[in-house]
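Colleague: I have a model open and would like to learn how to read it. Could we go through it feature by feature?

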Amino acid sequence: MTVVSKKGKFIINDQEVFLYGGEFHYFRVPKNEWEHRLDLLIKSGCNLVSTYVPWVWHEFEEGRYDFTGVTKEEKDLKGFLDLVEQKGLFCIVRPGPYVMAEVRYEGVPKWLLDKYPEVIAKQKNGEDHPTRVVSYQHPVFLEKTKQWYKEVNRIIAPKQISNGGPIIMYQLCNEIGMLHWVTNCSDFNSDTLRRYHDYLEKKYGTIDKFNETYGIREESFLSFVETFHQGLPEDYPSFHYEWRSFWREYFKEYIGVLKSFANQTGINVPYIINVHGFKDYSIYSRGVDYPIGLSQLYKSTEFSDVILAGDFYPGHIGYDNFHDLVLSCAYTKAVSDKDQPLFSAEFQSGRLADRPKLYPQDLELNTRTCVAHGMNALNYYMFIAGENYEEIGLFGRRHEWQAPVDSNGSIRPNYERAKHLGKVLGTIGKRLLNATKQVHTYIGFNPDDYMTDVVDERDQKIFNEIAKKREDFSFDGIARLLTAADIHFEAVNLLSSLDPNETPTLWVFSTKYMNPDLQKRLADYVKQGGKLVLYPEIPSQDLRGHSCTILADVLELGQWEVVSGIDYVNVAGIDSVAVKQRLRFKRYDGEPFITFTRTGNNEVAGYKKSYGDGQIIVLGIGMGHDYKYHVEVIKRIAKFIDVEPHLTASNDDISIVERRNVEESFVFVLNYDEIEQRTVVYEHGKPLYDGEEIVLAPRSGAILLRNFALTNEIIVEYATVEITDLRINRNEIQMTVSPFHSNGALKLITNQGWTSAMGEITDQGLVFKGINEETTITLIRKKKGAEI
């Protein structure tokens, strides 16, 4: 009775499982309605339920616990887990110590903060942190957390799958570091500063080495930490990266301590750490800062039994922001263990407030986009709405969340979309697990570029500039353009090794700052045969601001200067391309393909050259996806390194992504626009699906199948309908299909003698056309008795 992750999928009790779940907070729904809500979850196709277990709810006074409903029925955690087990659902528990979950004090008991104020994080001036978040590793907080885990795990541990129960994963804390990031306020509690002292002493050994590294003169590490706390002198360099590197280690140590507490109290299922970072911008939420959470929690990936799971909240999903999901998937995979599945523990199915209003299409596009780009497990948040009892709600009594099931147990329109997707994934999900996203190139993800969770006032100018460039020129620039061009990619962790055999082409964002080690590895990558696209700048300094031109020197990239401001250049034969920054080369050695000619000077902003066994494309422009022609620009640049999509659409407004397992193909076609779109899909220029025109309703999508084996005798050659149920026995197959437009089709082939109401199926194929409503097709073996 085990849960393991292997080759990007969860394997539970030796069975590969596509986890499709929903968040249901038992403490927000009357106990006598729990069964009804779980039944609704199951009817939607879910095989998983997830819940927080709030400390503040169950230990309302220090030392007084209720896990069985003695003081209030809705505190019967044991009864809830018993019911989940009876219903045959998998379960994820999230017992904190922090749960957030729109609960007061983020789920930590008020008595803890009142009785033990020394645990509260401090600002530099000694005042409490504005959110009153605790200092995570304060000994008193850890002592109380250990006792909480001991008590709550008396209920949880016996219900793990290893003991025959439903619990398959256990989340440690929640959104670690988020409260520091959103307030731009770190923790200067005396315990934290002591740990910073120990970190520096361990890293540098002697104060002399530390002084030499930073060009300062401190008597001891203790004196430096005091200086750092009180405020650095103006002539001191920045210690931003040192402080943020410490915090990465600090978070990792905190997670390790929680893991040890859980292990000591009987927990043996995999652990989850969830990553925050989507931020609200009115109608849209954006994922441009999601990588900040990945950077904060980067070190947690060193634990082999910890799953890194994202919180994906894109709000209203459309053409302008769908790439946020694509990049969030890619960056999460880049820093995760290769065996771990891409998983979202909080996957938007609603929204806390009722405005902006979300629609069923948002749930659908969120799901289809992420599954298309490799997600193999997801948990909708929230799926079941409820109420806050005993005034624990941060925003009052109501907790509706625009959830598919409202607080009265009635279903909302987005429930039906979740139910349809549940049918589809319930039918083909296991096969999808072994189908990998087909990629054409790779993009670099440098966690150090996102070490901007907390920035000191004296450093804000430089890091605001870095943040703006990474957003405008990378996230909403080159990476966005590749996505829009259907040039699909996975991300590569740039803090790890680079192998041209595994990553033959690589796009890397750079400002003038880059770690010396990374500069060297990029140079080696090119020399060993890699094809590197470097944009929009060439690094010239290390992260401390010291001169560092390793990459430029090794690859002989010439001399240049940065020209800021809006202008236009000629790129690869396309004239008047709008840019927001460009390089001006004074000296270069290569074939120019970006020129600035407006003033008649014919200045070079980008060029390509071979070096060693590889090639470098110096893409010296800062460019966003501001105009449609920018997509053609990125396609031409990609061709320089022999990269182009294998699937294309006759309609450029349709996105196409393929997941494939050898010959078995799942093609995701997605329409992010507010109008109906039509397209024919091509593979290397040849039409697929007999050239049938695919029609997609506004903001919708579909999964098109090719070479999908129903049995070892009969194959779906192609389907432009979605299979929502499949029942197979020795002599009969029943397949239910659902069209996504008015003229779906299905082609079957066999050489073993099967027939249907439409006629006999042969090796030449039988096509079912004009499928315009949900239909069950029955296939019957002509010669009965053989094994399927």
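Colleague: In which helix does L555 lie?

Modeller: Keep in mind that this is a predicted model. L555 belongs to helix 17, which covers residues 550-555.

Colleague: Is L555 buried or exposed?

Modeller: Burial is judged by relative accessible area, and under 20% counts as buried. For L555 the value is 0%, so L555 is buried.

Colleague: Which residues does L555 touch, leaving out those up to four places away in sequence?

Modeller: L555 touches A523, V526, K609, Y611 and I616.

Colleague: Now the strands. Which strands form the closed barrel?

Modeller: Follow the pairing from strand to strand. The order is 4-5-6-7-8-11-12-13, eight strands with parallel pairing that make a closed barrel. From one strand to the next, the twist averages 30°.

Colleague: How many bridges join strand 4 and strand 5?

Modeller: Three bridges, in the parallel sense, between strand 4 (residues 19-24) and strand 5 (residues 48-52). Within this pair, G22 is opposite V49 of strand 5.

Colleague: Which strands does helix 13 lie across?

Modeller: Helix 13 (residues 360-372) lies across strand 11 (306-312), strand 12 (342-348) and strand 13 (375-384). Against strand 13, helix 13 runs at about 160°.

Colleague: How should I describe two packed helices?

Modeller: Two values describe them: the angle between the axes and the distance between the axes. Here, helix 5 (residues 139-156) and helix 10 (residues 240-264) have axes that come within 9 Å and cross at roughly 35°. The crossing of helix 5 past helix 10 is right-handed.

Colleague: Which residues make that contact?

Modeller: Helix 5 supplies F141, L142, T145, K146, Y149 and N153, and helix 10 supplies Y254, V257, L258, F261, A262 and Q264. By class, the contact of helix 5 with helix 10 has eight nonpolar residues, three polar and one charged.

Colleague: And the whole protein: how many helices and strands are there?

Modeller: The protein has 18 helices and 42 strands. Its radius of gyration is 28 Å, close to the 28 Å that the globule rule gives for 788 residues, so the protein is as compact as a globular protein of that length. The C-alpha trace spans about 90 × 80 × 45 Å along its principal axes.

Colleague: What share of the residues is buried?

Modeller: Buried residues are 62% of the 788. As for contacts with a separation of 6 or more, 72% are between residues 24 or more positions apart.

Note on methods:
Residues numbered from 1 in each chain as written. Predicted model: local features only at pLDDT ≥ 70, side-chain atom pairs only at ≥ 80, totals over all residues. Heavy atoms only, no water. Helix = DSSP H or I, 4+ residues; strand = E, 2+ residues; numbered from the N terminus. Buried < 20%, exposed > 50% of the residue type's maximum accessible area, 1.4 Å probe, protein only. Contact = heavy atoms within 4.5 Å. Pairing = 2+ DSSP bridges. Axes fitted to C-alpha atoms, helices over the stretch in contact; angles between N-to-C directions. Left-handed = near helix turned anticlockwise from the far one by under 90°. Nonpolar A, V, L, I, M, F, W, Y, C, P; charged D, E, K, R; others polar. Rg over C-alpha atoms; globule rule 2.2 N^0.38 Å.
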